[in-house]
Amino acid sequence: MTTLTLTTSPILTRPVPGALANIAAVAGRELRDALRSRWFILYTLAFTALGLGVSYVSAASSGGAGLSNFGRTTAGLINLVLLVVPLMALSAGASSVASDRERGMLAYLLAQPVSRLEVLLGKYVGLAGALLACLTLGLGLCTAILAWKGQDTGVAAVLTLAGLAFTLALGMLSVGMLVSVLARRASVAVGTVIFIWLVFVFVSDLALMAGTIALRLPIDQLFLLSLLNPLQVFKMWSLHAGDASLDVLGPAGLYAMEEYGPRLHLIFAACLSAWIVLPLTLAAAVFARRSPL
Amino acid sequence: MNTRTAISVMLVLAVVGLAPAQPHEAPTAIQRAPETVRSTGVIGRLIERAAPGDTIIVPPGVYREHLRLDKPLTLEGGGKAVIDGDGHGDIVEISAPDVTFRGFIVRNTGDNLDKENAAIRALAPRATIEHNTLTDILFGIDLREAPDSVIRGNVIGGKPLDPARRGDGLRLWRSDRALVEGNTLHDGRDAILWYSKGVVARGNTSRRCRYGLHLMFSDDVLIEGNTLEGNSVGVYLMYSTGVEVRGNRLLANRGPSGYGVGLKETDRFTLRDNYIAGNRVGIYLDGSPFTQAQPGRVTLNTLAFNDVGMTFLPSAKGNLVTENNFIDNLNQVFVAGRGNLDANRFWEGDRGNFWTDYSGYDQDRDGIGDFVHDSTTLFDGLLDREPKLRLFLFSPAQQAVEFVGRALPTMRPEPKFVDEVPLMRPVAVTLPPAPRTASRVMLIAGAGVLVGVFLSVLAAARLPACVFEIGGRS
């Protein structure tokens, strides 16, 4: 039966039908464009170079005597991901819809037999693929450096870090696309996400630090407030996944372990998932209603 | 119960010395031993018959009995004789001097902490306890007023209990000049010395215990070449004088206090050639020295990747800290309280310490930095005020704070310690490196997986457009 279907129906030469095909088609175009674009090549180069630097320096600082580094390399990479990945994902998302709209590409796309949701999801998947490529290249080469320098870092730690960094990237991409859908011009969108990046990376943490000192925030509130920042969630999740412990983060980390125990993973996952799903849903709602031009 | 069937003892007996050949003992059923330690079983009867100075070689088998060695004998277990305490009481009690107890597997003591149920308890001088394996025991080897004893090559593992309900794997009480060598302790509470002078603890390993080695009022002790890893605290010295700690590996001791070496009111101590890494605090000084005239010396150690390299409480004054490598500790030196630059000295002559965070340079190339090292970062200053802020460790915001501290002199906290002659190159480490735990092959495989994902994304981008086509319908 199966073979009969295969021979009689040209299913393999025909396109995959339906919404999935549309999404895949948009995604494929977006991915091809992204991989060729200047921002992608620039960010990939920067991320890879900085990652190699962090790995090399941390391997060198162990004195070459094979002193085991107890995850300090991972800590350096976490720091790097915190700086670069949100910026990369936010600006990728920001320029996606807005720049297509400016170039008139969006009108052309929507003239095709695709729904707006399919266009948005397709763009999201394509950009996610590009971010995945960037992260895996950078972290892959870092891992190779660590292996070459004889660094005592577990492979599980690196793979976990890559996975979590990708999750963070998905969340930031989602926020970037929301901004892109809302903004009238690409330049406004990019400016806005750079501001958002500053808030996530510096402003919110510094404000929380100041608040902790000035208002004597109790420890539970400090921890819950820090969960609002997806970057902090990523950081805590990575540390927790690597060490099975947050004790390196002092009293607040110990409080979190004591209070939530094994549920911490679920909490972190829920926080990051919310950052992926909510802005994207919002973006889809806005995109469906607004005029694409 | 099944105890009777479990025992099939082929008894081959060799009594060395003047004792006549023992009659062949049938594998008699061994009674359940009573609560008190009494020689009731097969080995017990042999001990009763043996003369002082005899050697009893116990053949392989499981012996459910509790022994008292009350004359100077040598008991050889050959590594295959198992003495099972049946889950109650102590198991072996040595009450005569000059007893050697070697090559047994001792298991299954009671778990009564009040009665301190122990696998082997020595109550007399010059006991030699060698090459035994102790499993499922509350206390392991307990020396009570047993000076000049030798505890060597034993493997001591505790009961799977909550740490608070465990006993000490090794305890010395008023047992001067004992030698504790090449033992492995795991999953117990402490290895502790009470009032025992001149003890040498060498080449022991301790994992997943509470205190790897704990000294209480024990003077002139040498702690050398031990590996203490993953305990709550590595070495904890309290109220002891003249202790030398050298050539040890103190790794990842991260309990609630989590010190590599903790010192409380300890005088004239020397920490030398140790490798102290991955602990919560590398070296913790509290009230040491207790007597100002007898300060301690910390030299040629490598303190790496600890949360805090060295902590000085305000009461720790007058110590000399030179020629150590401070490598990438999150916080290299933490001085509690307001601090006093002269409290402890970080250099002697032209030899300071090596600091990975030293920011000066060495223009005249004499191996000594041209500027003093007094690094205290603004973030550390904040942590001092508000420890909760450790939550922001590793985040870019932390680096922003530190940048502000460096850039704006008004924001710089006062330095709390100073090294006038920081070394530009690390001091040569004499300790051979710890064995690697991560596999290089696995790392390469991991790199391969990641690059493979990268390549497959690239390949997906090159898929012919005809496979996916907008509005594709059959």
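Strand 10 (residues 133–137) and strand 13 (residues 155–158) of chain B run parallel and are joined by three bridges; helices (H or I, at least four residues) and strands (E, at least two) are DSSP runs, numbered from the N terminus, and two strands pair if DSSP finds at least two bridges between them. Here B:T133 has B:V155 of strand 13 as its bridge partner. Strand 10 of chain B also pairs with strand 7 (residues 100–107) of chain B, again in the parallel sense and over three bridges, with B:V106 standing opposite B:L134. The model is a predicted one, in which local features need pLDDT of at least 70 and side-chain atom pairs count only at pLDDT 80 or more, while totals for chains, interfaces and linings use all residues. Residues are numbered from 1 along each chain as its sequence is written, chains are lettered from A and ligands numbered from 1 in the order in which they are written, and side-chain values use heavy atoms, with hydrogens and water left out.

Strand 17 (residues 190–194) of chain B pairs with strand 14 (residues 170–173) of chain B over four parallel bridges, and B:W173 has B:W194 as its bridge partner. Strand 17 of chain B also pairs with strand 20 (residues 211–216) of chain B, in the parallel sense and over four bridges; B:L193 is partnered by B:L215. Four of the five residues of strand 17 of chain B are buried, so the strand is largely enclosed by the rest of the structure. Buried means under 20% relative accessible area, exposed over 50%, and partly exposed in between (1.4 Å probe, protein chains only).

On to the charged pairs. B:R102 is partly exposed at 26% relative accessibility, as is B:E76 at 22%. Both belong to a network of salt bridges that also includes B:E130, B:R152, B:E181, B:R202, B:E224, B:E244 and B:R246.

B:E116 makes a salt bridge with B:R171, the closest N and O atoms being 2.5 Å apart. B:E116 sits in the loop between strand 7 and strand 8 (118–122) of chain B and B:R171 in strand 14 of chain B, so the pair ties together parts that are 55 residues apart in sequence. B:R171 is buried, with a relative accessible area of 9%.

Then there is B:N353, in the loop between strand 35 (331–335) and strand 36 (354–355) of chain B. B:N353 is buried at 0% relative accessible area, and its side chain reaches the backbone nitrogen of B:N324 at 2.8 Å. Beyond its neighbours within four places in sequence, B:N353 is in contact (heavy atoms within 4.5 Å) with residues including B:V321, B:F326, B:F346, B:D419 and B:L423.

As for chain B overall, the secondary structure comes to five helices and 36 strands. Of its 474 residues, 55% count as buried.

Key
A polar contact is a pair of N or O atoms within 3.5 Å; within protein, one must be able to donate a hydrogen and the other to accept it, and residues adjacent in sequence count only if both atoms are side-chain atoms. A salt bridge is a side-chain nitrogen of Lys or Arg within 4 Å of a carboxyl oxygen of Asp or Glu.
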